[in-house]
Amino acid sequence: MNLRKLSADFKKYNLNFTFLVTPETSDERIQYLDSLSSGFLYAVSSSSTTGNENAVLKNENYLSRLSGLPLKNPVMIGFGIKSREDFENVTEKAAGGIIGTAFVNILLQHKDWKKNTIDFIHSIKG
């Protein structure tokens, strides 16, 4: 797969092309994926799967490494964010956090998902 061509195709249709990086991704690879990305760079908080209760959200070495790299895109952290504390932990050194599984669970588990979603968003924002 030619990633540069694919990235150009996304740009042609005014779509953002976002790559995921992990704590194991080398600095060189992070910078390469950042050069191909548009919008933001999705930094997976840990090597766990999304929705994993044991995701490591305050990996200081990883977050410091990301914030110290000369990247063109803002870094957004995802995987394991389910509370205000989690969100604050990951956004100390990143532009934002991505909340996926916790949000989907609200939609699936609550009949009054609209109210529960609003309450959840307020709990994250404070």
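Trainee: What is the strand order in the open sheet, and is the pairing parallel or antiparallel?

Mentor: Keep in mind that this is a predicted model. The sheet has 4 strands in the order E1-E2-E3-E4, and the pairing is parallel.

Trainee: What makes E1 and E4 the edges?

Mentor: Strand E1 (20–21) and strand E4 (96–98) each have a single partner strand, so one side of each has no neighbour in the sheet.

Trainee: How do you know that E1 and E2 count as a pair?

Mentor: Count the bridges. A pair needs at least two, and E1 has 2 bridges to E2 (residues 41–44), in the parallel sense. Within that pairing, Leu20 sits opposite Tyr42 in E2.

Trainee: On to helix H3, residues 60–68. Which of its residues are buried, and what puts them on the same side?

Mentor: Tyr62, Leu63 and Leu66 are the buried ones, which takes a relative accessible area under 20%. They cover an arc of only 95° around the axis, and that places them on the same side of H3.

Trainee: And what does the face turned away from the buried side carry?

Mentor: Asn61 and Gly68, both exposed; that label needs over 50%.

Trainee: What do the buried residues of H3 pack against?

Mentor: Their partners are E1, helix H2 (27–36), E2, strand E3 (75–78) and helix H4 (84–90).

Trainee: Why are H5 and H6 called roughly antiparallel?

Mentor: Helix H5 (residues 101–109) and helix H6 (residues 113–125) pack at about 155°, their axes being 8 Å apart. The label applies to angles over 145 degrees, so H5 and H6 are roughly antiparallel to each other. H5 and H6 also make a right-handed crossing.

Trainee: Which residues make that contact?

Mentor: From H5 it's Ala102, Phe103, Ile106 and Leu107, and from H6 it's Trp113, Asn116, Thr117 and Phe120.

Trainee: Last one: why is Ile99 called partly exposed?

Mentor: Buried needs under 20% and exposed needs over 50%, with partly exposed in between. Ile99 has 24% relative accessibility, so partly exposed is the label. Ile99 lies in the loop between E4 and H5.

Trainee: What does Ile99 contact, leaving aside neighbours within four places in sequence?

Mentor: Ile81, Phe87, Phe120 and Ile124. As for Ile77, that residue is 22 residues from Ile99 along the chain, with their C-alpha atoms 8.9 Å apart.

How values were computed. Residues numbered from 1 in each chain as written. Predicted model: local features only at pLDDT ≥ 70, side-chain atom pairs only at ≥ 80, totals over all residues. Heavy atoms only, no water. Buried < 20%, exposed > 50% of the residue type's maximum accessible area, 1.4 Å probe, protein only. Arc of directions from axis to C-beta. Contact = heavy atoms within 4.5 Å. Axes fitted to C-alpha atoms, helices over the stretch in contact; angles between N-to-C directions. Parallel < 35°, antiparallel > 145°, perpendicular 65-115°, else oblique. Left-handed = near helix turned anticlockwise from the far one by under 90°.
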